[in-house]
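Student: I would like to learn how to read a fold from its helices, its core and its contacts. Could we work through one case together?

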Amino acid sequence: MVDTGKRRRILDAAVKVFAQYGFYNSRVSHVAKEAGVADGTIYLYFKNKEDLLIQVFLDTMDLILAGQDVALAGVVDPIERLQTFTRTHFEFVAQSAALAEVITVELRQSSKFMRATDMKPFGRYLGIIARIIMDGQEHGVFAADINPRRAARAYF
């Protein structure tokens with residue numbers, strides 16, 4: 001049986017450690033110490049340090065996407081949708097400077113992460129932005145010559 005509380009403690013510790021030392025300079029032992037567990041306990045929940053980073057990303061994206069769904073419900077105007085999307089994202093990451101550091105800096109520096117991770121949640125995140133831009137183009141409030149997918153990546 002998986003102890004979800006312990007798993008959550010490990011993920012939270014990983015965020016703190018990765019933000020403090022950087023992903024590449026962090027050690028699993030640092031995460032274990034921060035979480036208050038034995039080093040080997042980490043491997044009961046995660047394959048390795050990269051898997052920890054991936055799970056931090058996936059859990060975070062799930063929370064961000066759920067928040068975006070709630071915030072954007074009923075908002076029709078494309079400009080207001082983009083503003084709401086941005087505000088919601090910033091409100092989420094403002095809750096934890098360490099988490100903001102990990103998802104905006106550490107994840108981008110890991111090419112292995114970008115290649116190996118199931119990017120569906122990130123694709124969904126970018127897709128929300130792209131759809132807002134496309135809708136704005138259809139309503140004439142965003143330039144028609146902008147590529148929505150490219151703009152979504154740039155926006156992120």
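This is a predicted model: local features need pLDDT of at least 70, side-chain atom pairs count only at pLDDT 80 or more; totals for chains, interfaces and linings use all residues.

Student: How many helices and strands does the protein chain have?

Tutor: Helices (H or I, at least four residues) and strands (E, at least two) are DSSP runs, numbered from the N terminus. Here the protein chain has nine helices and zero strands. From the N terminus on, the order reads α-α-α-α-α-α-α-α-α.

Student: What percentage of the residues of the protein chain count as buried?

Tutor: Buried means under 20% relative accessible area, exposed means over 50%, and partly exposed lies in between (1.4 Å probe, protein chains only). Of the 156 residues in the protein chain, 44% are buried.

Student: And what share of the contacts comes from residues 24 or more positions apart?

Tutor: Contact means heavy atoms within 4.5 Å. Take the contacts in the protein chain with a separation of 6 or more: residues 24 or more positions apart account for 64% of them.

Student: Now the core. Which residues have the most contacts inside the largest nonpolar core?

Tutor: A nonpolar core is a set of buried Ala, Val, Leu, Ile, Met, Phe, Trp, Tyr and Cys residues joined through side-chain atoms within 4.5 Å. The largest one has 44 residues, and those with the most contacts inside it are I10, F18, V31, I42, L52 and Y125. Two or more residues each come from α1 (4–21), α2 (28–35), α4 (49–72), α5 (78–94), α6 (97–109), α8 (120–138) and α9 (148–155). The largest share, ten residues, is from α4.

Student: Which residues is I10 in contact with?

Tutor: Leave aside its neighbours within four places in sequence. I10 then touches V31, A35, V37, T41, I42, Y45, F46 and L52.

Student: How are two packed helices described?

Tutor: By the angle between their axes and the distance between the axes. Axes are lines fitted to C-alpha atoms, for helices over the stretch in contact, and angles run from 0 to 180 degrees between N-to-C directions. Under 35 degrees is roughly parallel, over 145 roughly antiparallel, 65 to 115 roughly perpendicular, and the rest oblique. A crossing is left-handed if the near helix is turned anticlockwise from the far one by less than a right angle, and right-handed if clockwise.

Student: At what angle do α1 and α2 pack?

Tutor: About 125°, with the axes 8 Å apart. α1 and α2 are therefore oblique to each other. Their crossing is right-handed. From α1, R9, I10, A13, A14, K16, V17, F18 and Y21 meet H30, V31, E34 and A35 of α2. For classes, Ala, Val, Leu, Ile, Met, Phe, Trp, Tyr, Cys and Pro count as nonpolar, Asp, Glu, Lys and Arg as charged, and the others, Gly among them, as polar. The contact of α1 with α2 has eight nonpolar, one polar and three charged residues.

Student: How do the axes of α4 and α5 cross?

Tutor: They come within 10 Å and cross at roughly 140°. That makes α4 oblique to α5. The crossing of α4 and α5 is right-handed. T60, L63, I64, G67, Q68, A71 and L72 of α4 make the contact with R81, T84, F85, T88, H89 and F92 of α5. By class, six are nonpolar, six polar and one charged.

Student: T88 is in that list. Is T88 buried or exposed?

Tutor: T88, in helix α5, is buried, with a relative accessible area of 14%. Beyond its neighbours within four places in sequence, T88 contacts G67, Q68 and A71.

Student: What about α8 and α9: at what angle do they pack?

Tutor: About 120°, with their axes 8 Å apart. That makes α8 oblique to α9. α8 passes α9 in a right-handed crossing.

Student: Last, how far apart in space are V102 and A14?

Tutor: They are 9.4 Å apart, C-alpha to C-alpha, and 88 residues apart in sequence. V102 lies in helix α6 and is buried, with a relative accessible area of 0%.

Technical notes:
Residues are numbered from 1 along each chain as its sequence is written. Side-chain values use heavy atoms; hydrogens and water are left out.
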